[in-house]
There are 2 protein chains.
Amino acid sequence: MYFAGIDIGGMSIKIGLVSSEGKLIVSRAIPTNHDLGYEDMIRRSSELISELCKEANISTSKIKGIGVGIPGTADSSTGIATSAVNIGWKNTPVSEEFSKYFDVPIIISNDANCAALGEQKFGSGAGYQNLIFITLGTGVGSGIIIDGKLVEGVSCAGAESGHMVIQVDGELCNCGRCGCWECYASATALIKQTKAAMQANPYSKLHAVGRKYGKVTGRTAFLAAQDGDDVAQSVVDKYIKYIATGLINLANIIHPEAFIIGGGISHEGDYLMKPLQQFMDNNFFASGMYPTVKTICATLGNNAGIIGAAALVM
Amino acid sequence: MYFAGIDIGGMSIKIGLVSSEGKLIVSRAIPTNHDLGYEDMIRRSSELISELCKEANISTSKIKGIGVGIPGTADSSTGIATSAVNIGWKNTPVSEEFSKYFDVPIIISNDANCAALGEQKFGSGAGYQNLIFITLGTGVGSGIIIDGKLVEGVSCAGAESGHMVIQVDGELCNCGRCGCWECYASATALIKQTKAAMQANPYSKLHAVGRKYGKVTGRTAFLAAQDGDDVAQSVVDKYIKYIATGLINLANIIHPEAFIIGGGISHEGDYLMKPLQQFMDNNFFASGMYPTVKTICATLGNNAGIIGAAALVM
């Protein structure tokens with residue numbers, strides 16, 4: 001028994017066939033080209049599913065469901081993507097369109113929700129019934145699972161934890177509010193914080209690291225800090241405090257068993273996770289009295305979206 | 001069929017008999033006197049249940065369950081109050097102790113959770129399966145209901161939304177962190193903000209209102225603002241912005257159908273609720289694209305705790 005997982009992004013659509021044990025059998029990406037319209041995107045995606053079946057020598061009749069991760073809000077009860085600005089979708093009947101090609105259950109959800117589900121079922125969140133998945137990338141995304149179920153909110157517009165204000169009247173966010181967590185804890189924010197530190201500290205090793213890699217990235221401060229640079233270390237410390245602030249807020253509100261941390265920044269591994277866990281242990285409400293909330297690195301990487309989308313229909 | 005609801009507070013224990021339709025038949029309060037120990041508190045509470053039955057002419061055999069609201073964390077699965085600092089409880093076997101007096105189901109939960117459940121079943125939250133109850137009182141308490149079920153979190157330590165940081169490095173909170181929502185949006189915070197405005201503005205009407213009522217309270221700024229005082233109005237505006245900041249954060253994370261607002265400050269009615277709703281409508285993530293989250297005044301008042309505790313066992 002196999003399931004197709006589709007992870008739609010602004011640049012590419014990633015599609016894979018996934019076994020009921022969560023193993024990714026085969027996968028490929030095609031350009032999104034959303035300007036050609038959703039019907040075209042879904043036709044090409046459906047064709048790719050058939051091609052992948054041939055490639056893996058799996059009869060299409062063995063595909064028992066299709067799950068689709070949407071880069072926006074998606075109403076899983078109706079199969080309609082209510083809004084996905086980056087690919088120009090608004091009230092797009094995704095499930096209906098896919099059902100023209102496949103007569104199997106088709107379920108859609110937000111892409112961060114899919115990744116959360118993927119990690120919970122087949123990744124580093126396996127065994128937890130209550131977890132929050134956080135991606136630290138261009139923005140800060142999240143997926144919340146309580147009692148083994150995704151918390152999607154009314155109109156499936158929930159789990160926008162990146163747009164929790166942690167600094168009233170703070171930095172202006174793309175969403176229009178000021179001081180959102182995303183403005184302080186995303187990779188984008190870290191790059192901004194790193195550049196500001198470089199400007200203020202012309203002799204910091206941050207400059208050498210930036211030159212070595214051709215540009216300032218989310219890794220620059222971590223690398224220079226590991227090389228003993230104090231300025232870089234203080235950038236990293238402050239950044240980790242920002243991440244932890246949002247995590248502790250979520251812990252106080254929902255108190256999950258674990259946070260699963262994904263996205264580009266999670267590749268820093270222990271340099272990120274150890275201080276983050278320490279900050280969490282020391283600062284969450286009534287810490288010491290309750291079991292701590294574990295912070296764990298995501299393990300499915302870029303495949304979390306595909307595997308999680310497939311998990312929607314399992 | 002009747003249920004006993006017990007709302008334990010630092011000063012008094014409020015007990016009532018509640019019908020299965022959520023009607024409070026009879027109720028009374030006794031002093032908490034927690035220094036006499038939990039066995040004594042529970043013995044006296046049990047005796048009062050029997051007395052109330054006599055008073056209402058209800059046979060104790062008709063009491064089909066006892067629900068208990070705890071001013072702290074309470075593990076509903078074990079019946080143990082893990083921590084309630086104000087009454088000196090730690091790992092207190094509440095259900096076990098009550099079962100010495102009554103052979104009926106006994107369920108315990110946090111007091112704000114009880115109030116949330118009371119409002120959801122029999123108050124202004126009736127009809128909503130997804131809501132967040134917020135009390136604006138000495139602190140900021142909360143209870144979260146998703147799909148008709150209380151979200152208690154691991155060890156039932158969740159729903160501490162008052163301890164969500166909205167201002168990194170902001171005011172020092174009793175919990176040890178800085179910048180918690182409670183430090184800005186509680187009645188205690190409003191009094192502090194009002195006093196600061198009075199000190200800075202000796203000619204504001206805030207002084208006259210304070211004198212008239214003998215002291216500065218959570219009402220002072222609202223009353224002076226209604227009397228046309230600009231300073232008071234700006235205190236109220238800023239305070240409402242703080243409340244709304246936390247509500248919008250919760251809306252972005254969980255996206256419930258409604259917020260039910262209780263606690264002393266909720267008595268300001270439209271003067272509080274109308275601007276709060278407006279702020280919410282204009283500022284939550286992707287507002288305009290999704291149904292707004294309604295902000296509604298709680299209606300059960302001080303009885304929410306008793307009725308909600310009884311609702312635990314219905």
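Mentor: A nonpolar core is a set of buried Ala, Val, Leu, Ile, Met, Phe, Trp, Tyr and Cys residues joined through C-beta atoms within 7 Å, where buried means that 20 or more other C-beta atoms, placed from the backbone, lie within 10 Å of a residue's own. The model is predicted, with local features needing pLDDT of at least 70 and side-chain atom pairs 80 or more, while totals for chains, interfaces and linings use all residues. Residues are numbered from 1 along each chain as written, and chains are lettered from A and ligands numbered from 1 in the order written.

The largest nonpolar core holds 218 residues, and the members touching the most others are F259(A), A310(A) and A310(B). Beyond its neighbours within four places in sequence, F259(A) is in contact (C-beta atoms within 7 Å) with L131(A), I132(A), I134(A), L247(A), V293(A), T295(A) and I296(A). Between the chains, 34 residues of chain B are in contact with 34 residues of chain A, and helix α8 (residues 230-254) of chain B supplies the largest share of chain B's side, 5 residues; helices (H or I, at least four residues) and strands (E, at least two) are DSSP runs numbered from the N terminus.

Turning to a sheet in chain B, three strands lie in the order β5-β6-β7 as an open sheet with antiparallel pairing, a pair needing at least two DSSP bridges. In chain B, β5 (73-75) and β7 (89-93) are the edge strands with a single partner each, so one side of each has no neighbour in the sheet. Strand β6 (residues 80-84) of chain B is joined to the antiparallel β7(B) by 4 bridges, and A81(B) stands opposite T92(B) in β7(B).

Technical notes: Contact = placed C-beta atoms within 7 Å. Buried ≥ 20, exposed ≤ 12 C-beta atoms within 10 Å, placed from the backbone.
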